Structures are given as C-alpha cells and as structure tokens.
Amino acid sequence: MKPLTAFVLAGGGSLGAVQVGMLKALARAGVVPDLVVGASVGAINGVFYAGDPTPAGVERIERIWLGLSRRDVFPFPLAQALLGLAGRSSHVSDPSRFRRVLEPQLPFDRLEKCALPCAVVATDLIDGTERVYREGPAMDLLLASAAIPAVYPPVLHEGRFLVDGGLSNNEPVSTAVSLGATKVIALSTGFSCARSEPPRGAVATALHALNLLINRRLVRDLEETAGDIEIAVVPPLCPVEATPFDFSSTAELIRRAEASTRLWLRRGGLSRRGIPAELSPHGHSSEPADPQECAAPRRPSTTKGRTTR
C-alpha cells in the first residue's frame, strides 16, 4: 500500500508566517502531501495551501500575509472591548475585518472543493472535545478553528459552538494518523525563544503563553507517536524575538523560514528522525545563535501513545 503523507500545521498567531516560508521551500522542492491537517492559523495556511498546492499557490498565500497588519487580525473596537470586559459580550475583538481580508482570496467556498484532501481542527466550547471537519463552509470553519476564546466570538456550526482548534489539538499529529496518515511532515511555528522579557499587553502575553503550551504539547505528542508512524519535523526558526501578536516581522520570518527549510531539505531532513532542539525550552546569550546550530535534535521516546481520537 502506498504510504499516505500528511502535512500537519500548528497554530501560532502571527508566527504562522514561518509556515509560509516552509511551504515555499517544500513546494519548490516538489514535496506534495496526500492530506493536509491544520489547527488555528495552521488551518488557515493549510486550507489555502490545499486549494492550490503549487509554488504559485504558496506565493498567493505569501502575498496575503505580507498585506496583513495587527489591526486586520486583532482589531479592538473600544465599544466591543468594553462590552467584553464588562461581561456583556463573549469577546473583545471583531473577526469581520479579518474575514473581509481572507474571503475574497479563497477561491472556493467549501472544504471539499480543495485540490488536496484537508481537515480543519476546532474545539467544542461546551465540552472541550476536538472536532475535525473535512467538508463544510470553508471560511466559517477557518474562523472557528482560529477563534481564540475571549478574543473572538465562538462560531456556531451544526449546533456546536466552536473555538480555537489549538485548545484541543494544536499540532494535530494524532488527527492525521486517525485519518490514515502513515507519514507526517509537521510544520510548527516555533516560539519567541529570544525574548528577554514578556511581551506587553494582555492579549500579546496570552498568545505568547498559549504558544509555549502549544510547543510543549507538540513535543509530547511527537514522543508518543514516534513508534507508530514516520514523522519528519521541519525545524522552526531559532532565534525568534517576534511574538504571535506582532505582524511587523512577517517578511523576515518568511524569508528566514524558506532559507532554513531549503537547507534542511538539502541535508536530508525528510528522512531524519528526532525532535528539533528548537522546539525544546532553551535560551540565548547576547550573541544570536546560528539557526541551524541551536542544539542537537532530541530522539523521541518509543513509548506507545494513542494514535486516534
């Protein structure tokens, strides 16, 4: 039986720009999966990629990212923010502006119309379960998967209130396995490893903290599934000072991620095993580290873990 390869894309706010650089390098190298699975911003990147998994398609994603600002993604109208803080609304930001930016760029209205099979991960706000969608209204489900609780409103779909997929399974390797994947290529956004102090602002701090939890869970999930399937992890960038709330470094993140992924591919990255050291807790001295030399990769444990949900 032919192996079924899945791209798995994690969340990470504005650090999702890193995945664009990774996808550029993979597309130009002719690496195309059989399935795409994403959560949060990884769902947005993944679905746009699955709609046109070519170098030209990835360049279209890049143009979208280069045009994004924090106000497009995280606008905070004063009236809405006050309602949220007063307990009269479930959220402090309005996703309609983000929707107006993305929707005209999406050349299909339903997930099942993607060129590649894809799956979007969201979380049921009532019971916390992971919800996986392979068909349905594409824009609604993307906004649901990226609906950070208290920041964005939940999305009502088929009688369920859906929020950020990162809450239940941000790097959904196990989801890809449950859908039949025998090989996973994981695209993580990484985290802000080079900061000397926490970011300013409540939302920025919350996103930074959530991203740290995401990466810890990713390492755990990779260790649990190591003995079950073949996994290649594209190393995230290191060092990174930008936070998941900062859209001012998009072009630089894309450029660096493309270059580092191309080098990783030339060095046989697709056949490597182990967890990149960039995903493990680490710090930096005043001298920036070489992105390729943060540390030696960790070998995942062979402990068996669950492979389906």
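User: What makes Asp52 buried, partly exposed or exposed?

Analyst: This is a predicted model, in which local features need pLDDT of at least 70, side-chain atom pairs count only at pLDDT 80 or more, and totals for chains, interfaces and linings use all residues. Side-chain values use heavy atoms, without hydrogens and water, and residues are numbered from 1 along each chain as its sequence is written. Buried means under 20% relative accessible area, exposed over 50%, and partly exposed in between (1.4 Å probe, protein chains only). Asp52 has a relative accessible area of 21%, so Asp52 is partly exposed.

User: Why is the contact of Asp52 with Arg60 called a salt bridge?

Analyst: The term requires a side-chain nitrogen of Lys or Arg within 4 Å of a carboxyl oxygen of Asp or Glu. The closest N and O atoms of Asp52 and Arg60 are 3.1 Å apart, so the pair meets the definition.

User: Which parts of the chain does the salt bridge between Glu258 and Arg28 link?

Analyst: The closest N and O atoms of Glu258 and Arg28 are 2.7 Å apart. The pair links distant parts of the chain, Glu258 lying in helix α11 (residues 250-266) and Arg28 in helix α1 (residues 17-28), 230 residues apart. Helices are DSSP runs (H or I, at least four residues), numbered from the N terminus.

User: How do you know whether Glu258 is buried or exposed?

Analyst: Its relative accessible area is 9%, so Glu258 is buried. Arg28, at 49%, counts as partly exposed.

Key. Helices (H or I, at least four residues) and strands (E, at least two) are DSSP runs, numbered from the N terminus.
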